[in-house]
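Here's a quick tour of a few spots worth a look. Have the viewer open and follow along.

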Amino acid sequence: MQPIYSIQVLRALAAFMVAIHHVQPDAAVLAERAGLSFSRSDLLPWMAGVDIFFVVSGFIMVHASQDLFGRAGAWREFLKRRLARIVPLYWAMTTLFLLVGLAVPALLNSGAPNLAQILGSYLFWPVVSTQGLVQPVYSLGWTLNYEMLFYVLFAAGLALPKRWTLPAVILILAVLVGIESLSGSLSLPFAFWGQPIVLGFAAGMGIAMARRRGLRLHGALRVAVAAAGVAVLVAAAHLPGTDGPWSGVLWRGSAAVLLMLAAGCGREGIVPVRPIMALAAVGDASYALYLVHPFVIRGMREVSLRIGLHAPTLFIVLALTGSVLAAVLLYRCFEKPATRLVRRWLNG
């Protein structure tokens with residue numbers, strides 16, 4: 001299936017937004033050590049990159065699984081594809097995190113996890129961390145716990161007649177969120193699974209369905225939709241009360257939907273220019289960028305402290321550049337080969 005380059009660009013930007021969010025506290029530490037002032041940038045709600053990821057994920061699951069709808073055993077094939085894609089790199093990063101914590105505990109921001117927390121992390125099961133939050137040992141994996149829920153629901157939907165697959169998945173997500181919101185607070189794992197942010201998956205599936213039925217945005221309209229998405233993000237960063245569970249869906253989620261519409265429903269067959277191709281290549285490595293950037297940022301912070309590099313702006317530029325380069329290398333040298341290897345193993 002031909003890639004949609006604009007979606008790859010959107011994935012790259014989403015991962016980069018999360019990296020910008022995480023690099024700023026480390027830059028503040030460097031500035032404080034040198035007695036310099038540092039003001040974090042809140043131009044955008046940087047963690048809205050996660051909302052974008054979820055909408056993109058819902059879109060991609062439908063778009064990339066068109067050959068599976070209505071096929072016998074489709075649910076099994078789908079899970080094989082997704083497990084081969086997601087598990088190797090996440091398990092590798094979780095293991096690296098645990099090893100770093102064992103070797104240099106001072107570098108981490110959390111206490112030593114127990115066995116249940118470690119097992120829950122590897123199994124994508126929501127557990128309470130040592131900090132009292134519902135997140136795995138490697139905290140960025142909280143988004144993957146949602147992804148795995150979506151994969152299981154989507155696989156179950158593929159076992160149904162073709163016309164029921166997407167409505168069933170959307171209905172279950174809506175019911176989970178509705179019960180959690182109306183009941184006040186369910187016990188784990190349903191309290192975690194029932195957060196409004198999961199509706200981003202449903203929105204992405206809806207956009208993919210609209211694309212399959214012929215929805216296309218052309219020229220000025222497509223630019224206007226993308227600009228509206230950016231405008232909503234800027235507003236979300238500067239207006240009060242936009243970071244709650246439901247207000248986040250209203251602001252960050254709607255911005256993600258607008259950006260996904262612009263990226264996913266454009267014209268086809270256009271050869272992208274080189275800058276777009278470069279960003280699309282980063283989009284290919286966006287999963288690696290999401291998982292590896294905290295290691296690069298923290299490692300570069302420690303090096304900067306030792307060599308006396310305290311300029312926060314320079315550190316941010318170097319750390320983000322290093323994160324992108326590390327992600328591309330990790331994608332090409334580990335993620336792609338590991339995915340192929342696991343696929344062969346799962347296919348027996």
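T143 sits in helix 5 (residues 142-158); helices here are DSSP runs of H or I, at least four residues, numbered from the N terminus. This is a predicted model, where local features need pLDDT of at least 70, side-chain atom pairs count only at pLDDT 80 or more, and totals for chains, interfaces and linings use all residues. Residues are numbered from 1 along each chain as its sequence is written, and side-chain values use heavy atoms, with hydrogens and water left out.

T143 is buried, at 5% relative accessibility (buried is under 20% relative accessible area, exposed over 50%, partly exposed in between, with a 1.4 Å probe and protein chains only). Its side chain makes a polar contact with the side chain of Y290 at 3.0 Å; that term means a pair of N or O atoms within 3.5 Å, where within protein one must be able to donate a hydrogen and the other to accept it, and residues adjacent in sequence count only if both atoms are side-chain atoms. A polar atom of the T143 side chain also lies 3.2 Å from the backbone oxygen of L140. Setting aside neighbours within four places in sequence, T143 touches V50, F54 and Y290, contact being heavy atoms within 4.5 Å.

## Helix 4, end to end

Just past helix 4, F124 has a positive phi of about 60°.

Notes
Helices (H or I, at least four residues) and strands (E, at least two) are DSSP runs, numbered from the N terminus.
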